[in-house]
Amino acid sequence: MAQSKLIPIQQPKVNWQLVISLLLIAFAGKFVIQHALPYFGFKQATFGRYWNYKWPLIGHISGGLLALAIGPFQFWRAFRNKYITTHRWMGRSYLLSILIGTVCSTYLAWTSAIKVNFSWALGLQALAFAWMTTATMAYISVMRGRIMQHREWMIRSYVVTFAFVTFRWLNDSSIAIQLMEKFTERGPAIIWLCWTVPLLITEIVLSSKYNNAY
């Protein structure tokens, strides 16, 4: 009697990178709809104490939104390989949007934020500095032909870009409000946490790639 051959059943592989990307896009989309887009209605009630600084704030928000929107396309390998010219122009637009956002946030740090307290202004300025620095390093790397370094700096840059979403989520969380009821305490603490901790995790992940190579 002939023995029947067993055909192994292959389990479908989960594309975790795609899953995580979709979750982050949904998370960012909620932030954009609920917290960013209302400012473009130019209602004084929406701006609150930022009404006298509405144009720098709009510049800051616009730069951040554009960088958030462009980022996923820059990491999309199929899109990047097929439309290399578009990829390069989107990269320039990404850098320009961050430059605009950084200039506006620096202005806001030492005009409106300083009125809250120095810690809040310094935290906002530090975030702006990290935002511009990581994007600039990504640009310098690609101009020198160091593609791997360019990709890693782009990852760092987008992590810092995403800090605006993370900040809003943490600032509105019930746990943060319970621990630090006053914004004068909560804001300066979260403005540091929203990018330093994710960036540290990113460094660990990037470093592990090199450790696995040995």
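Phe-42 is partly exposed, with a relative accessible area of 35%, where buried stands for under 20% relative accessible area, exposed for over 50% and partly exposed for what lies in between (1.4 Å probe, protein chains only). This is a predicted model, in which local features need pLDDT of at least 70 and side-chain atom pairs count only at pLDDT 80 or more, whereas totals for chains, interfaces and linings use all residues. Residues are numbered from 1 along each chain as its sequence is written, and side-chain values use heavy atoms, with hydrogens and water left out.

Phe-42 sits in the loop between H1 and helix H2 (44-47), helices being DSSP runs of H or I with at least four residues and strands runs of E with at least two, numbered from the N terminus. The backbone of Phe-42 has a positive phi of about 55 degrees, although the residue is not a glycine. Most residues other than glycine have a negative phi. Phe-42 also belongs to a nonpolar surface patch with Ile-33, Leu-37, Phe-40 and Trp-55, which together have about 530 Å² of accessible area. Patches consist of residues with over 30% relative accessible area and no salt bridge, with nonpolar side chains (Val, Leu, Ile, Met, Phe, Trp, Tyr) joined within 5 Å and like charges within 9 Å, and the areas come from the Shrake-Rupley method with a 1.4 Å probe, only the protein chains shown counting as cover for residues.

The protein chain as a whole has 10 helices and zero strands, and buried residues account for 39% of its 214 residues. The structure holds one salt bridge, a term for a side-chain nitrogen of Lys or Arg within 4 Å of a carboxyl oxygen of Asp or Glu. In this bridge the side chains of Glu-203 and Arg-156 meet (2.3 Å, N to O). Because Glu-203 lies in helix H10 and Arg-156 in helix H7 (residues 147-161), the pair ties together parts that are 47 residues apart in sequence. Glu-203, at 30% relative accessibility, counts as partly exposed, whereas Arg-156, at 10%, counts as buried.

Helix H10 (183-212) is also among the helices that each supply at least two residues to the lining of the second largest pocket, together with H1 (16-36), H3 (54-75), H6 (118-143) and H8 (163-172). The lining comprises 27 residues, of which Tyr-50, Leu-57, His-60, Phe-167 and Arg-168 lie nearest the pocket centre. A pocket is an open set of points on a 1 Å grid over the protein atoms alone, where a 1.4 Å probe fits, with protein on both sides within 12 Å along at least five of seven lines, and lining residues have an atom within 4 Å of a point.
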